[in-house]
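Here is a short briefing on one structure, grouped by topic. Please read it beside the sequence and the coordinates.

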2 protein chains.
Amino acid sequence: MRIALFQGTPAPLDVPGNLERLQQQAHLAAERGAQLLVCPEMFLSGYNIGLEHAERLAEAADGASAKGVAQIAQAHRLAIAYGYPERGNDGAIYNSVQLIDARGRSLCNYRKTHLFGNLDRSMFSPGADHFPVVELDGWKVGLLICYDIEFPENARRLALGGAELILVPTANMAPYDFVCQVTVRSRAQENQCYLVYANYCGAEGEIQYCGQSSIVGPDGSLLAMAGHEECQLLADLERQRVLQGREAFPYLEDLRKDLH
Amino acid sequence: MRIALFQGTPAPLDVPGNLERLQQQAHLAAERGAQLLVCPEMFLSGYNIGLEHAERLAEAADGASAKGVAQIAQAHRLAIAYGYPERGNDGAIYNSVQLIDARGRSLCNYRKTHLFGNLDRSMFSPGADHFPVVELDGWKVGLLICYDIEFPENARRLALGGAELILVPTANMAPYDFVCQVTVRSRAQENQCYLVYANYCGAEGEIQYCGQSSIVGPDGSLLAMAGHEECQLLADLERQRVLQGREAFPYLEDLRKDLH
């Protein structure tokens with residue numbers, strides 16, 4: 001499977017503009033042979049938008065914007081993972097990521113469980129105990145969002161649930177570059193999973209995003225890594241790398257589940 | 001607290017020689033103002049020694065060699081963490097690390113819980129559910145051994161148990177350099193703990209150790225890192241770094257203990 005990752009500057013509050021940008025990125029990714037395009041956290045609305053706008057722009061997981069994303073996915077025969085503010089059936093607003101397949105069907109929706117500081121907490125309710133692992137083009141895929149990946153428990157939960165590929169839309173900012181440079185590599189390697197960390201670059205209000213999005217192999221190697229500019233990364237997933245990784249580092253097998 | 005770390009080539013089967021070497025390293029560390037000296041895994045006996053020798057050299061945690069280490073600690077007014085093959089009361093042999101304080105008292109003994117491949121399994125029984133956290137010079141200290149640190153669950157267990165400093169005697173070999181370069185930094189940062197990773201260099205039988213021992217700060221920064229040669233590293237622990245780390249990254253507070 002070939003994966004494309006879009007790193008860009010947020011366009012806050014401009015949902016139609018972000019759908020248009022998604023359409024352009026999907027076109028480019030499809031032209032380059034990708035089967036999956038991964039975008040940053042809260043991509044449809046921007047992230048640093050405050051409660052009032054988050055409430056106004058929040059939509060159901062099958063709302064109008066989701067239908068727009070599904071059309072883009074179908075048009076380009078490409079799966080898409082994207083972040084958005086979700087209005088739940090319970091009325092609460094969640095920081096969510098949805099994975100839509102190349103036929104426009106929602107494969108899964110994940111609500112960020114580990115909220116980051118006042119930024120997240122001022123807008124969102126935390127997700128409940130739901131860490132879906134679904135199949136996409138023969139790969140078992142799980143979702144996390146930004147701060148979630150900094151807790152090893154979350155990626156481990158997905159890996160023990162069968163995930164071979166973890167998609168992490170994010171909005172990581174200065175001075176947390178360490179996460180881009182070290183943490184995501186450790187998470188991939190300790191779980192022998194591919195990991196896609198799709199970040200913003202540029203500024204949004206007082207926030208300066210730190211870019212450095214990456215696609216990491218199951219041995220922790222950087223298959224592709226962005227700098228601080230807008231770009232689309234590409235990498236090819238190989239089944240053999242997962243098998244070799246799990247042979248060289250049988251962590252999931254050796255973990256003492258009687259102790260932890 | 002000033003910490004010294006000894007990285008050296010193993011001297012397999014030579015317990016008296018290794019006690020003599022420990023004495024020299026303790027002398028040097030004390031001269032340089034250290035309060036704690038950390039040595040590699042199975043330092044007293046060598047690591048790649050096989051079952052027959054491990055059985056022959058295994059001693060109780062309060063055996064003759066432990067008394068020798070205690071004398072060295074007392075003589076130099078220096079705490080010592082060292083690896084050795086332990087003969088348990090149950091008759092089993094464990095891959096253990098003991099922490100002895102500057103007055104020669106054993107503060108704790110840890111038996112490796114996560115055994116590495118046939119190398120470990122051919123010699124040792126796995127440790128039971130015992131992850132002690134003890135106080136040394138006002139610092140809360142926990143112990144892990146080599147492969148243990150590659151599982152995030154183990155360091156997390158210690159951090160949630162109050163550890164601010166994790167000592168990891170190790171015998172890490174090529175091609176597992178990733179652990180020295182990435183994993184140990186991630187573990188320190190994700191738990192906001194100091195971490196001391198004391199490895200061998202050089203060869204022992206067919207094993208080529210990968211050196212690169214390190215002392216890592218609670219923000220994941222490398223305070224000291226060895227290359228592939230014998231050396232003694234030094235670093236100073238600062239309470240302020242732990243407090244700042246836990247303020248900047250409140251992982252232990254933000255972890256959703258209701259989910260994991």
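How many residue pairs are in polar contact between chain B and chain A? The count is 20, with both residues at pLDDT 80 or more. A polar contact is a pair of N or O atoms within 3.5 Å; within protein, one must be able to donate a hydrogen and the other to accept it, and residues adjacent in sequence count only if both atoms are side-chain atoms.

This is a predicted model: local features need pLDDT of at least 70, side-chain atom pairs count only at pLDDT 80 or more, and totals for chains, interfaces and linings use all residues. Residues are numbered from 1 along each chain as its sequence is written, chains are lettered from A and ligands numbered from 1 in the order in which they are written, and side-chain values use heavy atoms, with hydrogens and water left out.

**Interface**

- On the chain B side, helix 5, helix 6 (177-191) and helix 8 (251-254) each supply at least two residues that touch chain A. Helices (H or I, at least four residues) and strands (E, at least two) are DSSP runs, numbered from the N terminus.
- Helix 6 of chain B gives the most to this side, with nine residues.
- By class, the side of chain B that touches chain A has 17 nonpolar, nine polar and 12 charged residues. Ala, Val, Leu, Ile, Met, Phe, Trp, Tyr, Cys and Pro count as nonpolar, Asp, Glu, Lys and Arg as charged, and the others, Gly among them, as polar.
- 38 residues of chain B contact 38 residues of chain A (heavy atoms within 4.5 Å).
- About 3,100 Å² is buried between the two chains, and carbon and sulfur atoms give 57% of that area. Buried area is the accessible area (1.4 Å probe) that two parts lose on being put together, summed over both.

**Salt bridges**

- Six salt bridges run between chain B and chain A. The rule is a side-chain nitrogen of Lys or Arg within 4 Å of a carboxyl oxygen of Asp or Glu.
- Over all chains the count comes to 28 salt bridges.
- Within chain A, Arg111(A) bridges to Glu86(A) at 2.9 Å between the closest N and O atoms. The pair links distant parts of the chain, 25 residues apart: Arg111(A) is in strand 5 (residues 106-111) and Glu86(A) in strand 3 (residues 79-87).

**Largest pocket**

- The largest pocket has a volume of about 410 Å³. Of its 16 lining residues, the closest to the centre are Glu153(A), Arg156(A), His260(A), Glu153(B) and His260(B).
- On a 1 Å grid over the protein atoms alone, a cavity is a set of points where a 1.4 Å probe fits but cannot get out, and a pocket is an open set with protein on both sides within 12 Å along at least five of seven lines; lining residues have an atom within 4 Å of a point.
- Grid points are joined across faces, edges and corners, and a volume is the space filled by probe spheres set on the points.
- Helix 5 (152-160) of chain A and helix 5 (152-160) of chain B each supply at least two lining residues.
- The lining divides into seven nonpolar, two polar and seven charged residues.

**Cavities**

- The structure holds four cavities of 30 Å³ or more.
- The largest cavity has a volume of about 80 Å³. Its lining includes Phe116(A), Tyr147(A), Ala248(B) and Tyr251(B).
- That lining has nine nonpolar, one polar and one charged residue.
- The second largest cavity holds about 60 Å³. Among its lining residues are Glu41(B), Tyr47(B) and Glu150(B).

**Backbone**

- The peptide bond from Ala174(A) to Pro175(A) is cis, with omega near 5°. Pro175(A) lies in the loop between strand 8 (165-169) and helix 6 (177-191) of chain A.
- A cis peptide bond also joins Ala174(B) and Pro175(B), with omega about 5°.
- Leu13(A) has a positive phi, near 75°, in a residue other than glycine. Leu13(A) sits in the loop between strand 1 (2-7) and helix 1 (15-31) of chain A.
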